[in-house]
Amino acid sequence: TPSSVYHTKREMMSIYCYWYSLYTRTWLGYLFYRQQLRRARNRYPKGHSKTQPRLFNGVKVLPIPVLSDNYSYLIIDTQAQLAVAVDPSDPRAVQASIEKEGVTLVAILCTHKHWDHSGGNRDLSRRHRDCRVYGSPQDGIPYLTHPLCHQDVVSVGRLQIRALATPGHTQGHLVYLLDGEPYKGPSCLFSGDLLFLSGCGRTFEGNAETMLSSLDTVLGLGDDTLLWPGHEYAEENLGFAGVVEPENLARERKMQWVQRQRMERKGTCPSTLGEERSYNPFLRTHCLELQEALGPGPGPTGDDDYSRAQLLEELRRLKDMHKSK
């Protein structure tokens, strides 16, 4: 009956919230992360994917495959030989890259508190005594030394990196935008668990309206902005995008390229925000095609954002069902 289904959903949500609380608020979460780390190091001694750095007029972005599908990053000013690490969840892998590049780590940028993004903060900050750890004070970032707010800028050599508040996945989630103007290249968005190639993160600590506002923050950036996500989810995400927009030719072309990459275990980042607008359903809640296929219609007050938030919530529900199959 509808009543029994409702109670079952409430019970499942209560159990889910309980386990999430254990993961984020107790040492059980840390122990689970350490187990993930050991297993991934054994299974992927050279990383889960083959990656290629990007070099732009003295600035280098180096993706580092960690755990089973995460990405950490080194952003390097090659002239000053200074580096910034983004979400260094495996300190051993990140330290190996630091040594190979011959750079000095001066800052860690943490997008959010989850251990698969923040687990290396302690070891790296202890090893590099002058290294600052940046993140949101709302998120309980481990070993945080320098709290950031929306629009704060971190400067390291030629690197100008702006923090943008994007709550939803967690309350204090931040993304980091590397300004391309100082080195006359494309800007780079390090999106953590807000945005992936053809996907977005789960809303653990917010609602659909919160997540929609955060995604709209990203939509306001330029089409040529490079997207460097926190996970390698491209093939699965594009498969789901094909379910909700089966006639999207941009998605089909991208899927063919991604499948070729993954057959050779090559990474799929970066994409561009211009590309993402064309096939990422979570950035297309304003598009008539998606609204007609899935949308609930305008809100009770005719509020377009209300309708888009409902559509985003439905997309998230369908995506979770798609993944569980």
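Helix α1 gives the most to the lining of the second largest pocket, with five residues. Helices (H or I, at least four residues) and strands (E, at least two) are DSSP runs, numbered from the N terminus. The model is predicted, and local features need pLDDT of at least 70, side-chain atom pairs count only at pLDDT 80 or more, and totals for chains, interfaces and linings use all residues. Residues are numbered from 1 along each chain as its sequence is written, and side-chain values use heavy atoms, with hydrogens and water left out.

The second largest pocket holds about 860 Å³ of space. Its lining comprises 29 residues, and Tyr23, Asp116, Arg202, Phe204 and Tyr233 are the closest to the pocket centre. Two or more lining residues come from each of α1 (2-25), α2 (27-43), α7 (234-244) and α11 (304-324). By class, the lining has 12 nonpolar, nine polar and eight charged residues. Here Ala, Val, Leu, Ile, Met, Phe, Trp, Tyr, Cys and Pro count as nonpolar, Asp, Glu, Lys and Arg as charged, and the others, Gly among them, as polar. On a 1 Å grid over the protein atoms alone, a pocket is an open set of points with protein on both sides within 12 Å along at least five of seven lines, whereas a cavity is a set where a 1.4 Å probe fits but cannot get out; lining residues have an atom within 4 Å of a point. Grid points are joined across faces, edges and corners, and a volume is the space filled by probe spheres set on the points.

The chain is assigned domain 1 (2-43) and domain 2 (54-321), with bounds from an automatic or database domain assignment. Their centres, taken over C-alpha atoms, are separated by 22 Å. The contact between them takes 11 residues from domain 1 and 18 residues from domain 2. Contact means heavy atoms within 4.5 Å. Each domain supplies at least three residues to the lining of the second largest pocket.

Phe204 lies in the loop between β13 (199-200) and α6. Phe204 is partly exposed, with a relative accessible area of 25%. Buried means under 20% relative accessible area, exposed over 50%, and partly exposed in between (1.4 Å probe, protein chains only). Between Phe204 and His173 there are 11 Å in space, C-alpha to C-alpha, and 31 residues in sequence.

His169 sits in the loop between β9 (159-165) and β10 (174-178). His169 is buried, at 5% relative accessibility. Its side chain reaches the backbone oxygen of Arg202 at 2.8 Å. This is a polar contact, that is, a pair of N or O atoms within 3.5 Å; within protein, one must be able to donate a hydrogen and the other to accept it, and residues adjacent in sequence count only if both atoms are side-chain atoms. Beyond four places in sequence, the contacts of His169 include Tyr20, His112, His114, Asp193, Phe204 and Met211.

Arg284 occupies the loop between α9 (273-279) and α10 (288-294). Arg284 is also buried, with a relative accessible area of 10%. The Arg284 side chain reaches the backbone oxygen of Arg277 at 3.0 Å. Residues up to four places away in sequence aside, Arg284 touches Glu245, Asn248, Arg277, Ser278, Tyr279, Glu289 and Leu290.

The structure holds one cavity of 30 Å³ or more. About 40 Å³ of space lies in the largest cavity. Tyr71, Leu197, Pro229, His231, Glu232, Tyr233, Ala234, Thr268 and Cys269 line this cavity. Six of these residues are nonpolar, two polar and one charged.

Backbone geometry was also examined. Most residues other than glycine have a negative phi, and most peptide bonds are trans. A cis peptide bond joins Cys269 and Pro270, with omega of about 5°. Pro270 is in the loop between α8 and β15. Glu264 is found in the loop between α8 (249-263) and β15 (271-272). Glu264 is partly exposed, at 43% relative accessibility. Its C-alpha is 8.7 Å from that of Ser49, across 215 residues in sequence.

Asp87 has a positive phi of about 50° although it is not a glycine. Asp87 lies in the loop between β4 (82-86) and α3 (91-101) and is buried, with a relative accessible area of 2%. Lys184 has a positive phi near 55°. Lys184 is in the loop between β10 and β11 (188-190) and is exposed, with a relative accessible area of 60%.
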